[in-house]
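Me: I have a structure open and would like to learn how to read it. Can we go through it feature by feature?

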Amino acid sequence: MNGKIILITGASGGLGNAVTMRFLASGATVIGASRKITADKFPAANFVAMPVDFTSDAAVRTAVSSIVQERGKLDALIHLLGGFAGGKSVAETDDATWNQMSELNLNSAFYVFRAAIPHLRKSGNGRIVAIGSLAATAAHPGIGAYVTFKAALSMLVQTVALENKDAGLTANVILPGTMDTPANRKSMPGADFSKWLKTEAVADLAFFLAQDSATHITGAAIPIDGQNA
């Protein structure tokens with residue numbers, strides 16, 4: 001991955017740590033973007049911190065344009081940004097929760113895909129990898145807003161894949177089960193953490209899909225879980 005310019009959204013999160021470290025270890029230049037992130041988050045010469053509000057279309061357009069202006073290109077977008085809310089039925093879900101799930105899990109992806117695709121097409125073998133959710137492959141009571149927009153994200157990624165095959169641009173979505181992150185441990189302290197999916201496994205899959213050798217894989221929604229690990 002030497003010489004590659006990689007944009008990672010949600011780089012400061014629980015999954016973001018593992019994914020960012022995986023790409024940094026490959027020698028790629030990693031632009032790590034989150035609402036709040038600083039250069040000391042990943043003390044590596046090939047890391048660049050970029051604070052971005054991905055719920056703002058204007059902010060996303062500015063961020064992507066600045067990357068291309070400064071680096072000359074963009075080779076891959078690894079979209080990790082998302083959020084979870086649950087515990088209420090559809091009838092009980094308020095506007096704030098619905099809109100938050102839409103902004104974090106779907107709109108942010110749409111904004112960054114739209115801004116990045118023209119530049120990724122120019123690379124000749126651009127890559128988009130997004131993080132969906134294994135839970136969103138079926139309906140679940142109490143998390144209607146979350147699964148609705150995560151399911152829509154999968155459809156968006158697959159549409160991008162079809163629309164950009166001609167340029168060698170691949171787009172795939174990873175569907176992880178419950179991941180072993182600090183936030184999940186805090187919210188479910190009584191769970192058996194040993195059965196949860198390790199973030200490093202998701203990072204390895206994202207890294208594989210971003211390589212030139214994965215050109216034959218596009219439009220895939222790939223489930224990955226820790227139950228049999």
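Me: Which residue lies over the face of Phe207?

Reply: The general test comes first. A charge sits over a ring if NZ of Lys or CZ of Arg is within 6 Å of the ring centre and within 35 degrees of the ring normal. Here Arg22 lies over the face of Phe207, 4.0 Å from the ring centre.

Me: What should I know about the source of these values?

Reply: This is a predicted model, where local features need pLDDT of at least 70 and side-chain atom pairs count only at pLDDT 80 or more, while totals for chains, interfaces and linings use all residues. Residues are numbered from 1 along each chain as its sequence is written, and side-chain values use heavy atoms, with hydrogens and water left out.

Me: How many aromatic pairs does a search of the whole structure find?

Reply: A pair of aromatic rings is described by the distance of the centres and the angle of the planes. Rings of Phe, Tyr and Trp (its six-membered ring) pair if their centres lie within 6.5 Å; planes under 30 degrees apart count as stacked, over 60 as edge-to-face and the rest as tilted. The search finds six pairs. Take Phe23 and Phe207: their ring centres are 5.2 Å apart and their planes stand at 70°, so this pair is edge-to-face.

Me: Where in the chain are Phe23 and Phe207?

Reply: Elements are DSSP runs, numbered from the N terminus: helices are H or I with at least four residues, strands are E with at least two. Phe23 is in helix 1 (residues 14–25) and Phe207 in helix 6 (residues 199–210).

Me: Are Phe23 and Phe207 buried or exposed?

Reply: Buried means under 20% relative accessible area, exposed over 50%, and partly exposed in between (1.4 Å probe, protein chains only). Both Phe23 and Phe207 are buried.

Me: What is in contact with Ile6?

Reply: Contact means heavy atoms within 4.5 Å. Leave aside neighbours within four places in sequence, and Ile6 is in contact with Met1, Phe23, Ala28, Thr29, Val30, Ile31, Ala76 and Ile78. Ile6 belongs to strand 1. Its relative accessible area is 0%, so Ile6 is buried. Lys73 is 67 residues away along the chain, yet the C-alpha atoms of Ile6 and Lys73 are separated by 9.6 Å.

Me: What does Ser34 touch?

Reply: Ser34 is found in strand 2 (residues 29–34). At 6% relative accessibility, Ser34 counts as buried. Not counting residues up to four places away in sequence, Ser34 touches Gly10, Ala11, Ser12, Met50, Pro51, Val52 and Phe54.

Me: How many residues has helix 2, and what reach is expected?

Reply: The expected span of a helix is 1.5 Å times one less than its number of residues. Helix 2 (residues 57–71) has 15 residues. From first C-alpha to last, helix 2 reaches 21 Å, close to the 21 Å expected. Its buried residues are Val60, Ala63, Val64, Ser66, Ile67 and Val68. Their cover includes strand 1 (5–9), strand 2, strand 3 (47–51) and helix 3. Just after helix 2, Gly72 takes a positive phi of about 90°.

Me: What do the buried residues of helix 4 pack against?

Reply: They pack against helix 3 (95–122), strand 5 (127–131) and strand 6 (170–176). Among the buried residues of helix 4 are Tyr146, Val147, Phe149 and Leu153. The 20 residues of helix 4 (residues 144–163) should span 28 Å, and its end C-alpha atoms are 29 Å apart, which agrees.

Me: And Val147: which residues is it in contact with?

Reply: Leaving aside neighbours within four places in sequence, Val147 is in contact with Ala135, Ala136, Ala138 and His140. Val147 is buried, with a relative accessible area of 10%.

Me: Is Lys186 buried or exposed?

Reply: Lys186 counts as exposed, at 73% relative accessibility. Find Lys186 in helix 5 (residues 182–187). The C-alpha atoms of Lys186 and Pro118 are separated by 40 Å.

Me: How many helices and strands are in the protein?

Reply: There are six helices and seven strands. From the N terminus on, they run β-α-β-β-α-β-α-β-α-β-α-α-β. Buried residues make up 48% of the 229 residues.
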